[in-house]
Amino acid sequence: MTVTPLGIPRRLLEFTLDGQEVRVPEGSTVLDACRAAGKDVPTLCQGDTLRPKNACRVCVVEVEGSRTLVPACSRRAEPGMLVRTDTERARHSRKIVLELLASSVDLSTTERVAGWIKEYEAKPDRFGPDAARLGEEPRVDNDLYVRDYDKCILCYKCVDACGDQWQNTFAISVSGRGFDARIAVEQDAPLTDSACVYCGNCIEVCPTGALSFKSEFDMRAAGTWDETKQTETTTVCAYCGVGCNLTLHVQDNEIVKVTSPHDNPVTHGNLCIKGRFGYQHVQNRD
Amino acid sequence: MRKRQPKTYTRLTHPLVRDSRDEPFRRASWEEALDRAARGLDRNRGAFGMFSCARATNEMNYVAQKFARVVMGTNNVDSCNRTCHAPSVAGLSAAFGSGGGTSSYEEIEHTDVIVMWGSNARFAHPIFFQHVLKGIRNGARMYAVDPRRTSTAEWAESWLGLNVGTDIPMAHAIGREIIHAGLANDAFIERATTGFEEYRALVEPWTLSLAEKVTGVPARAIRELAHAYARAERAQLCWTLGITEHHNGTDNVRALINLSLLTGQVGRYGAGLQPLRGQNNVQGGGDMGAIPNRLPGFQDILDADTRLKFESAWNTVIEPHHGLNLTEMFEAMEAGSLRAVYCVGENPAQSEADSEQAVRRLRQLDFLLVQDIFLTRTAELADVVLPATAGWAETEGTTTNSERRVQRVRRAVTPPGEAREDVDIICELAARLGHDWKYADSEAVWNELRSLSPDHHGMTYERLEEHQGIQWPCPSTEDLEPTFLHGRLWEKDPARRGMPAPFGIVRHDPPVDLTDEEYPVRLTTGRRLDSYNTGVQSGGYASPLRRGEYVELSPEDAEHYGVVVGEEVQVSSRRGSVVAPVWIDPALRPGLAFMTMHFPDEVDTNQLTIEATCPIAGTAEFKASAIRIEKLPVATIVR
Amino acid sequence: MDLHFGDSKPTDDERAAVDALLGPPESSWEGADRSDADLRWARGGRAARDRRDLLLPGLHALSDRVGWISEGGLDYLCRRLTVPPAEAYGVATFYAMFSLRPRPATVLHVCTDLACTAAGAADLCAGVEAGLGPGVSVQRGPCLGLCERAPAALAVRAGDPVRTAVSAPATVREAVLAATAPDSAPEEPPAATAVPQAGDPGLVLLGRVGLVDPSSLDDYRAHGGYTALRRAFELGPAGVIREVTDSGLVGRGGAAFPTGRKWQATASQPDHPHYLVCNADESEPGTFKDRVLLEGDPYALVEAMTIAAYATGAHQGYVYLRGEYPRALRRLEHAIAQARARGFLGDDVLGQGHAFDIEIRRGAGAYICGEETALFNSIEGYRGEPRSKPPFPVEKGLFGKPTVENNVETLVNVLPILTMGAPAYAAIGTGKSTGPKLFCVSGSVDRPGVYELPFGATLGEVLELAGVRPGLRAVLLGGAAGGFVRPDELDIPLTFEGTREAGTTLGSGVVMAFDDSVPLPRLLLRIAEFFRDESCGQCVPCRVGTVRQEEALHRIVERTGAAAADDIALLREVGRALRDASICGLGQTAWNAVESAIDRLGAYA
């Protein structure tokens with residue numbers, strides 16, 4: 001018996017995207033279709049290993065017949081849908097969302113956001129010097145993670161990764177409400193008093209650097225973090241027989257960060273504390 | 001504040017030698033060290049044993065076993081899979097002719113019932129457990145059989161807290177209940193198995209009420225598990241060291257396999273058997289022939305045609321009998337018939353049960369050659385120590401995981417100092433002993449293996465890269481096989497069905513180390529989430545979870561002995577005694593204690609464990625020792 | 001689940017409060033003493049995880065007993081329900097009525113919302129704070145749904161049982177009395193006092209309020225109760241849906257979706273079970289009609305829900321009642337118990353073979369939970385955050401199952417539809433807005449209260465009935481999420497289409513009249529503050545946009561003309577994104593009132 005794993009074939013459906021007829025497999029989101037068509041719709045809270053949360057609203061597009069704008073990341077494509085991604089209305093909302101975020105949190109380590117701010121001509125400063133910000137100091141309460149709330153956009157990805165979508169540890173949740181909502185462990189305690197098992201899967205999905213490995217945080221603080229000098233090599237973890245793929249980020253022959261490919265059939269991008277952090281022994285060189 | 005960091009090891013950066021065991025090591029050149037090593041091995045031909053490494057690459061294991069067989073002319077090659085999963089391999093191959101787990105991780109996401117038996121995968125195999133959790137979220141019901149109510153067990157529909165070492169009574173009672181309830185899969189039994197009548201007679205005495213008496217688990221709970229497993233359209237049975245680390249580990253494995261044969265829960269998508277491997281390449285080490293009874297590709301060494309194929313490929317003569325396994329090699333050291341050991345990447349001085357005995361035996365050797373990345377306790381006993389590269393981060397090659405997936409490992413960092421790759425070092429030694437092997441790189445080693453192992457033939461490095469690993473068997477370079485093994489058992493045509501799977505006729509045999517008035521507490525062992533084996537690698541990072549070694553007691557026992565968390569107590573078995581602080585874990589019941597082997601430099605748990613081994617697989621009974629807890633006269637509280 | 005608990009232990013009171021709700025724990029794994037049997041066999045899995053929906057009732061149980069939710073109490077509840085403490089903490093901190101920090105057992109909630117502010121809430125607050133010692137915590141809060149008796153205060157004293165006292169209209173002395181001795185506070189006036197038309201034989205929805213004893217099932221039946229249900233059984237489920245469809249009934253919560261279509265869509269879903277949810281989380285500032293109906297005629301809702309469940313194939317119904325309505329809760333609890341005891345709820349309603357029962361779930365101070373999907377999350381024991389639609393509730397609603405959700409007023413309309421027949425019902429009102437409509441009139445009027453008028457009555461007619469006072473400056477239609485209109489627009493017909501044509505909204509039927517006593521910018525600021533407080537925080541436009549809106553309104557509170565122009569432009573831009581890009585109605589409407597004040601009333605001009 002020989003089989004090639006293909007899965008059950010999915011039907012294709014057709015709809016109109018910015019005036020062009022496009023065909024996508026049933027179940028695709030509008031965002032999937034946009035990406036397949038080479039359109040750059042900005043996203044922040046969307047994650048390739050997570051169910052869409054559509055909290056950030058930076059990916060909104062116009063769908064004919066819909067009273068409001070529609071998040072591309074979660075809306076499933078439907079046959080005959082008329083979608084426009086680059087209208088003035090959609091661009092306006094994206095601009096405001098970027099302004100609201102950039103005026104309230106530190107986006108300096110959020111990938112690509114600087115480019116979008118420029119592209120959408122967002123001016124976060126116009127809310128004035130007194131605009132409320134999170135303005136919190138990074139919390140460093142253990143040797144592995146740093147929680148820098150000033151960078152948190154509340155995208156929920158860490159909560160989802162820690163919760164029922166992957167890790168099922170449920171160490172963190174959103175607490176409070178509105179502008180005062182925060183990602184927190186129970187009683188807003190230090191991480192070391194929580195259910196956290198330090199798998200780092202929350203950091204893996206954090207889009208802004210609000211959650212970071214202490215190794216990276218310290219190097220950034222010291223000004224030595226330099227991604228252009230880093231290599232990424234994927235290998236296999238040595239800590240048990242499961243065979244998780246590790247991508248080692250190496251700078252100056254030191255492992256500075258460990259991730260896992262999101263499309264890997266063993267890990268789906270997730271690791272445990274040993275795989276994520278247990279590399280130090282190879283570089284105890286003297 | 002107690003020091004949370006266990007001993008930190010620094011990398012070996014150059015070879016070390018010494019003229020006598022009384023002297024300290026001195027730095028040596030590679031030339032000198034290799035020459036000395038070659039001389040030491042040469043003079044002990046006929047009394048040589050190779051400890052290969054379940055953590056190194058397939059390529060290294062292939063070359064290591066070839067070194068033993070071709071250069072040293074012996075099948076005495078084994079690795080630490082002996083200390084963990086050899087019974088799984090032995091049991092599975094006895095039943096199915098192949099030693100791998102029969103299912104894939106993805107299948108457990110699409111199954112109906114999951115039995116986790118003697119496995120705290122939540123801690124020991126966290127990413128496998130994520131697949132289990134996907135299954136649970138998809139509606140599967142999970143059952144946990146474990147003396148402790150572990151984190152894994154907390155996810156179960158039903159946790160069965162059996163007495164340590166009563167797995168066979170539990171399994172037999174489940175089997176009997178399935179038969180009596182009319183839930184056995186008669187068609188599968190008829191077509192695909194042998195020995196059912198004998199099995200039926202074997203389990204007949206194991207009524208639910210007898211099982212309740214012996215295992216301590218209520219009959220209703222056992223019955224419920226039996227029915228759930230048998231009635232499931234698909235069921236997965238997973239186990240780990242709770243099954244294998246017993247003096248009758250292989251029997252335990254057979255008893256579990258019997259349940260799959262009884263119900264036809266094997267050889268189909270989503271239905272199968274999944275032993276979870278403890279080390280990154282336990283599976284691959286065996287597959288590569290780094291075991292005393294198999295040639296690469298898990299091919300039988302007693303088969304003359306197979307031997308002939310290897311003999312002509314290697315231009316050598318292979319001994320037509322099994323070599324000594326790790327346990328037997330240690331016994332042979334004691335007897336004086338094994339005089340030299342080449343130990344690659346293993347730490348038996350700390351990982352073996354009854355570690356004091358293991359150290360004593362290693363000391364008796366004429367020549368001990370250790371190749372490692374650290375100066376481990378074992379390396380400290382050596383005559384020559386060779387600095388190696390870390391298999392997973394400094395070496396090119398492949399490893400094979402628990403679902404038989406061969407995956408590429410790659411060099412990401414430059415090794416320190418003069419450290420060299422295992423394969424290069426072994427080849428250097430082989431050359432000095434008259435065998436000039438030429439391997440341009442790891443791929444060349446792999447291609448030699450592919451030419452000899454049909455199961456690996458289709459796995460070129462290129463394809464491994466393309467598919468993010470490929471599961472064996474993979475005979476073709478064009479196609480991929482199904483994710484599960486033994487689909488043949490369901491074939492209608494008897495010729496295609498092949499060898500039927502025999503029921504294992506195995507009997508209950510309680511743990512060797514009995515509890516009594518003097519040693520009233522049952523000690524069992526296992527892993528914690530953030531640490532690994534003897535802690536040599538995992539000790540290198542600062543885990544916020546780590547609290548060092550403790551002897552974990554039930555709240556009732558703590559009260560009974562009048563001890564509190566952090567208080568040091570004397571823990572003694574019939575073999576040794578250690579001092580360890582107390583931790584209180586409600587997952588334990590009175591009379592049951594738990595320790596790990598992660599911090600041997602602080603608390604050497606293996607001074608307590610018993611060297612009672614499985615006669616088939618050679619694995620020791622780490623999971624069951626009898627101990628005594630004594631309050632120290634002056635309480636020392638460490639927290 | 002492998003949950004992590006800290007070392008904190010529950011007090012005896014906390015344990016008793018939780019056990020009173022859930023029954024005693026069955027094993028040591030759930031918090032009982034350890035037994036040998038527990039250490040050999042433990043059950044868990046799905047059954048244990050499936051009780052998450054008891055989290056909110058459990059939080060209420062703790063808060064009701066001790067006044068706040070301690071770590072030990074929360075941990076115990078989590079252990080009992082197999083809920084991760086971090087998630088429970090996230091849920092508990094979502095609701096304004098819960099405190100996770102110690103506070104006095106007695107809390108006095110003082111409404112500072114629009115109607116109460118106009119009626120002097122600021123002085124009331126200052127007065128009670130001066131008059132009460134440290135033994136009472138005074139909390140300023142959004143609308144308590146007592147606008148016809150503004151200003152209002154609600155005292156809650158934790159204990160066994162919890163005691164409450166409403167003081168409205170509140171004087172400082174009365175509010176202090178309610179807080180210090182809730183048991184001896186005077187009884188609230190009957191519900192009928194909130195219905196100035198009470199006794200008018202033409203009333204269709206409010207007809208029984210003031211006429212029947214709200215505690216008596218027999219009295220209800222003597223006044224026509226349960227004739228509609230009997231009629232429903234005669235018609236069969238499809239027949240009921242046809243009648244409701246033909247009646248033209250549309251949802252009264254503000255979205256005006258045709259009820260018959262919603263029922264049909266739910267009834268035809270192949271997935272089971274189906275659920276019925278009654279949205280009684282009446283939290284729109286200025287709205288209090290559900291309270292009056294539940295206090296004055298609770299069996300009407302029970303009967304209407306039974307009909308809705310029968311038509312849509314639901315066997316379990318939930319009433320999500322806002323937490324600030326203690327008397328409505330008591331009356332509805334009593335009515336449900338009576339109906340159950342008499343076979344009007346249960347396995348075999350009226351002997352007709354249909355099983356149906358109702359559970360009440362109390363909200364805990366979150367406006368957002370009035371959003372239909374946020375309400376589902378709240379019932380399920382999650383944070384009351386709205387879900388993304390589609391999928392719509394008729395397909396995946398409560399517990400992911402097909403769910404029909406209607407508000408109280410909508411459901412109560414089903415009774416006259418069945419008793420008078422669809423054609424007669426549809427003859428009431430206008431062609432597009434059929435039936436009678438309830439209006440909550442408050443503010444600058446002589447006779448505030450709930451008014452029932454056929455659709456099509458003009459704003460002026462409603463105000464006249466209520467005795468509008470001279471000096472009318474503006475009328476807020478639809479509450480905080482609605483819009484202001486001018487005194488010269490009183491001829492707007494109060495229908496969905498009429499208000500839409502006039503560029504405003506009917507919303508939930510709030511008609512709040514303002515004179516000059518409170519400056520408009522102050523009202524707008526209060527509205528902005530309300531949305532900032534009540535935003536769940538899930539989506540960026542609403543979480544940050546409501547803050548930026550409030551900040552801008554603060555800046556221009558004393559400015560006009562060119563000095564305000566930049567900020568008004570900013571408000572428009574943010575408002576547009578709020579409306580276009582927010583997940584749910586809260587964010588989408590958060591700028592409505594402000595926009596209408598600028599455009600219609602010329603605020604800041």
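1. Let's start with the layout of chain C, which is divided into domain 1 (12-92), domain 2 (106-189), domain 3 (217-425), domain 4 (428-515) and domain 5 (520-600); such bounds come from an automatic or database domain assignment. The centres of domain 2 of chain C and domain 4 of chain C, taken over C-alpha atoms, are separated by 28 Å. Their contact takes six residues from domain 2 of chain C and seven residues from domain 4 of chain C, where two residues are in contact if their C-beta atoms, placed from the backbone, lie within 7 Å. On the domain 2 side, five residues are nonpolar, none polar and one charged. Here Ala, Val, Leu, Ile, Met, Phe, Trp, Tyr, Cys and Pro count as nonpolar, Asp, Glu, Lys and Arg as charged, and the others, Gly among them, as polar.

2. A word on reading the model. This is a predicted model, in which local features need pLDDT of at least 70 and side-chain atom pairs count only at pLDDT 80 or more, while totals for chains, interfaces and linings use all residues. Residues are numbered from 1 along each chain as its sequence is written, with chains lettered from A and ligands numbered from 1 in the order in which they are written.

3. Now to helix α15(C). Eight of the nine residues of α15 (residues 372-380) of chain C are buried, so this helix is largely enclosed by the rest of the structure. A residue is buried if 20 or more other C-beta atoms lie within 10 Å of its own, exposed if 12 or fewer, and partly exposed in between, with C-beta atoms placed from the backbone. Helices (H or I, at least four residues) and strands (E, at least two) are DSSP runs, numbered from the N terminus. The cover over the buried residues of α15(C) includes α3 (55-66), β6 (274-280), β7 (314-321), β9 (354-362) and β10 (403-407) of chain C. Among those buried residues are F376(C) and I379(C), along with E372(C) and N377(C). Just after the helix, G381(C) takes a positive phi of about 95°.

4. Which residues touch the most other members of the largest nonpolar core? They are A153(C) and V511(C), in a core of 457 residues; a core is a set of buried Ala, Val, Leu, Ile, Met, Phe, Trp, Tyr and Cys residues joined through C-beta atoms within 7 Å. Helix α13 (residues 298-312) of chain C gives the most to this core, with 11 residues. Not counting residues up to four places away in sequence, V511(C) touches F439(C), C440(C), V441(C), L459(C), V462(C), L463(C), V475(C) and L477(C). A second, separate core of 24 residues includes V569(B), A580(B), A587(B) and L588(B).

5. The contact between chains B and A takes 56 residues from chain B and 51 residues from chain A. On the chain B side, the elements that give two or more residues are α4 (105-108), α6 (126-137), α14 (282-287) and β17 (405-409) of chain B. The largest share, six residues, comes from α6(B). By class, this side of chain B divides into 24 nonpolar, 21 polar and 11 charged residues.

6. Chain C also meets chain B, with 10 residues from chain C and 18 residues from chain B. On the chain C side, β1 (41-43) and α2 (45-49) each supply at least two residues, and β1(C) gives the most, with three residues. That side divides into four nonpolar, two polar and four charged residues. Three bridges join strand β7 (residues 158-160) of chain B to β1(C), and the two run antiparallel; strands pair if DSSP finds at least two bridges between them. Within this pairing, S158(B) stands opposite R43(C).

7. Chain A has seven helices and 12 strands. Buried residues make up 56% of its 286 residues.

8. Finally, some backbone details to look at. Most residues other than glycine have a negative phi, and most peptide bonds are trans. A cis peptide bond joins W472(B) and P473(B), with omega about 5°, and the bond from H272(C) to P273(C) is also cis, with omega near -5°. Phi of E121(A) is near 55°, a positive value, and E121(A) is exposed, with 10 other C-beta atoms within 10 Å. H486(B) has a positive phi near 65°, but H486(B) is buried, with 25 other C-beta atoms within 10 Å.
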